[in-house]
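Colleague: Hi! Could you walk me through this model?
Modeller: Happy to, here it comes.

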Amino acid sequence: MMEPQLLTALRVGAWSDLPPSPGVYWWYFPRTALGSLGIADLADVSQLRFRSAAEGKVCLYHGMANNLAERVKWHAAQKLTLSALRSGFLSTFRFTLLALNNFDYLQGAQQIDQYFDGLSVAWRVATTRQEAKEIERSELQGDYHYPLNIQGNQHPELAGFIRHLKLTRSAYKARFVSVTTQSS
């Protein structure tokens with residue numbers, strides 16, 4: 001696995017350091033995110049095991065990609081359009097962070113981009129898409145906890161937070177879809 005890279009450096013480099021191959025990735029957050037995102041309120045953090053980076057960040061989200069460069073860019077820089085919100089064609093990870101931070105969807109592009117710029121991402125290239133899927137599945141079923149992963153997250157220690165996460169995402173979407181429908 002690569003050492004976590006600051007997202008700001010990847011953005012400045014126009015994502016050129018990211019390989020266009022299949023693989024898996026890990027998103028690292030400042031430890032304070034455990035409180036600010038509500039994880040510590042709904043899960044006993046002392047019972048959770050996180051991947052940690054040398055600078056003290058903790059990994060809260062893990063995923064797989066057919067193309068690592070495209071997927072990381074999609075998560076970190078996808079445009080916030082109303083059609084993406086309505087159709088659900090919005091990065092699940094980006095949407096989760098918008099909802100948990102309660103950023104205004106209609107005005108929040110700069111807020112969410114700045115938030116992402118405080119994160120780091122690590123990756124591991126896989127030979128095939130199938131290998132990447134296997135690594136992801138194994139990682140989500142393994143010893144580490146990834147509270148921001150909704151699908152495939154079977155750790156009972158995170159059940160309360162995952163329920164909260166689903167409700168928060170649903171309420172957030174309803175709020176902004178109804179606002180945009182009323183103003184149309």
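Modeller: Glutamine 5 has valine 121 in strand 4 as its bridge partner. This is a predicted model, where local features need pLDDT of at least 70 and side-chain atom pairs pLDDT 80 or more, while totals for chains, interfaces and linings use all residues. Residues are numbered from 1 along each chain as its sequence is written, and side-chain values use heavy atoms, leaving out hydrogens and water.

Colleague: How do strand 1 and strand 4 pair?
Modeller: Strand 1 (residues 5–6) and strand 4 (residues 120–125) are antiparallel, with 2 bridges. Pairing requires that DSSP finds at least two bridges between the strands. Strands are DSSP runs of E with at least two residues, helices are runs of H or I with at least four, and both are numbered from the N terminus.

Colleague: How many bridges join strand 2 to strand 4?
Modeller: There are 6, and these strands run antiparallel. Valine 24, for instance, has arginine 124 in strand 4 as its bridge partner.

Colleague: New topic: is threonine 96 buried or exposed?
Modeller: Threonine 96 counts as buried because its relative accessibility is 0%; buried means under 20% relative accessible area, exposed over 50%, partly exposed in between, with a 1.4 Å probe and protein chains only. Threonine 96 belongs to helix 6 (residues 92–101).

Colleague: What is threonine 96 in contact with?
Modeller: Leaving aside neighbours within four places in sequence, threonine 96 is in contact with Leu148, Ile150, Leu165 and Arg169. Contact means heavy atoms within 4.5 Å.

Colleague: And how many helices and strands does the chain have?
Modeller: The protein chain has 9 helices and 4 strands. Of its 184 residues, 47% count as buried.
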